[in-house]
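Please consult the sequence and the model while reading.

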Amino acid sequence: MSGRDLFCQPRRARHGAALTLVFTGVLVAGAATGSLPGTAPESPPDTARSAAPAAHQEDVARAAAEALADGKSPVEAAERAVSRSGDRWGAVYSRGEYEELEEALDGRYTGVGLSARRGRDGRIEVTRVRSGSPAADAGIREGDRLRSVDGEEVDGRPVTEVVAKLRGDTEEDPAGRSVRLGLERGTRVWTETVRRATLTTEPVTVRTLTDGVTVIAVTSFTKGAGERVRTAVDGLPDGAGVVLDLRGNSGGLVAEAVTAASAFLDGGLVATYDVDGDQRALHAERGGDTARPLVALVDGGTMSAAELLTGALQDRGRAVVLGSRTFGKGSVQMPSRLPGGSVAELTVGHYRTPSGRGVDGTGITPDLEVDPVGPAALERARTVLRGLGR
């Protein structure tokens with residue numbers, strides 16, 4: 001599994017693992033969906049299994065109100081109520097944390113600017129260093145081994161925990177706060193202190209290989225990502241094959257994933273989902289390119305909205321899916337304001353692919369299973385594209 005320092009795990013620990021989602025697809029921010037009180041819905045919620053919607057929401061709100069009346073923390077009380085409910089993807093955010101989450105969905109986040117993955121030996125390797133970031137300014141390079149964060153060894157830890165440590169706590173470790181990284185490069189072992197900064201994401205990158213294959217890599221579905229995919233496809237020569245690289249894509253806004261699907265589909269069903277038992281459907285826009293050879297490249301870090309897109313392309317026979325089984329997160333969360341100004345994101349339903357498959361807990365099995373790490377996966381994708389072109 002691979003990740004970035006804007007990628008976090010299910011349900012955060014208070015003052016510890018930063019935000020539950022940036023962008024695990026745990027939720028869609030109320031500002032983006034219009035689902036907070038006083039706004040009009042613009043797009044569907046990010047999307048596995050229904051919890052106990054109405055009663056669950058009432059219990060969480062009641063816990064927050066009682067804590068506020070007693071002079072205690074309404075956020076901590078609400079978090080305990082969510083934990084008792086068994087809602088795996090439920091989360092509670094303070095007002096400031098939720099504002100940061102909204103910024104993240106707009107393409108901004110706090111971090112050091114490096115991506116990482118865990119190898120089979122459990123070691124954490126730097127896979128990308130963003131140009132102009134604190135990590136780049138400190139001389140950290142792709143291929144360096146990350147040994148520790150603030151003195152804590154990271155070998156063997158889930159990459160989600162490691163990147164959460166890189167981000168720090170949203171309140172205690174804002175932009176400008178330093179973090180100590182233990183690093184290794186060949187025989188050199190050293191410690192580097194870098195300052196976290198507010199960075200903007202680059203969710204979609206496009207590159208054309210020597211054989212004419214275009215790789216469109218999407219790391220998250222922040223605002224505008226879907227349209228960037230569609231614009232990239234519209235600008236390609238007729239018949240040029242595309243590798244849609246969704247490895248490590250931690251989800252984001254479902255509406256953006258649907259827009260991306262519209263680049264390759266001529267209308268039709270992308271997914272169905274329910275909210276408190278009310279069945280709804282998501283459809284692609286008409287006019288997408290349905291003839292271009294297409295391979296979707298996925299791995300265990302492909303989550304949520306990215307799985308929704310993968311499932312649609314696979315079920316409708318539009319793409320060959322290559323890589324390893326995806327993460328398996330397909331739940332719908334909706335935000336609600338709590339007493340004291342915090343926000344609860346609680347599970348209210350699940351989504352299914354066009355053929356009716358549930359994704360939550362199972363993920364999507366590729367058509368061709370290959371090791372998604374390294375250049376061999378991309379080379380296999382190019383081989384498949386050559387076959388599809390013929």
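## Basis and terms

A residue is called buried when its relative accessible area is under 20%, exposed when that area is over 50%, and partly exposed in between, with a 1.4 Å probe and protein chains only. The model is predicted, so local features need pLDDT of at least 70 and side-chain atom pairs count only at pLDDT 80 or more, whereas totals for chains, interfaces and linings use all residues. Residues are numbered from 1 along each chain as its sequence is written, and side-chain values use heavy atoms, with hydrogens and water left out.

## Salt bridges as a group

Side chains of opposite charge can pair when their charged atoms come close. A salt bridge is counted here when a side-chain nitrogen of Lys or Arg lies within 4 Å of a carboxyl oxygen of Asp or Glu. The count under this rule is 20 salt bridges.

## A pair within helix 10

Helices (H or I, at least four residues) and strands (E, at least two) are taken from DSSP runs and numbered from the N terminus. Helix 10 spans residues 375-389 and contains Arg382. The side chain of Arg382 forms a salt bridge with that of Glu379, at 3.6 Å from N to O. The two residues are separated by about one helical turn, because Arg382 and Glu379 are three residues apart in helix 10.

The partners are classed separately by accessibility. Arg382 has a relative accessible area of 17% and is therefore buried, while Glu379, at 37%, is partly exposed. Salt bridges with shared partners also join Arg145, Arg147, Asp155 and Glu184 into one network.

Contact is defined as heavy atoms within 4.5 Å. Apart from neighbours within four places in sequence, Arg382 is in contact with Leu209, Thr210, Asp211 and Val213.

Asp266 and Arg286 are joined by a side-chain salt bridge of 3.3 Å, N to O. This pair links distant parts of the chain, the two residues being 20 residues apart. Asp266 lies in the loop between helix 8 (254-262) and strand 14 (269-275), and Arg286 in the loop between strand 15 (278-283) and strand 16 (294-298). With a relative accessibility of 35%, Asp266 is partly exposed; Arg286 reaches 67% and is exposed.

## The pair Arg280 and Asp278

Arg280 and Asp278 form a further salt bridge, in which the closest N and O atoms are 3.3 Å apart. Arg280 is partly exposed, with 36% relative accessibility. Asp278 is likewise partly exposed, with a relative accessible area of 40%.
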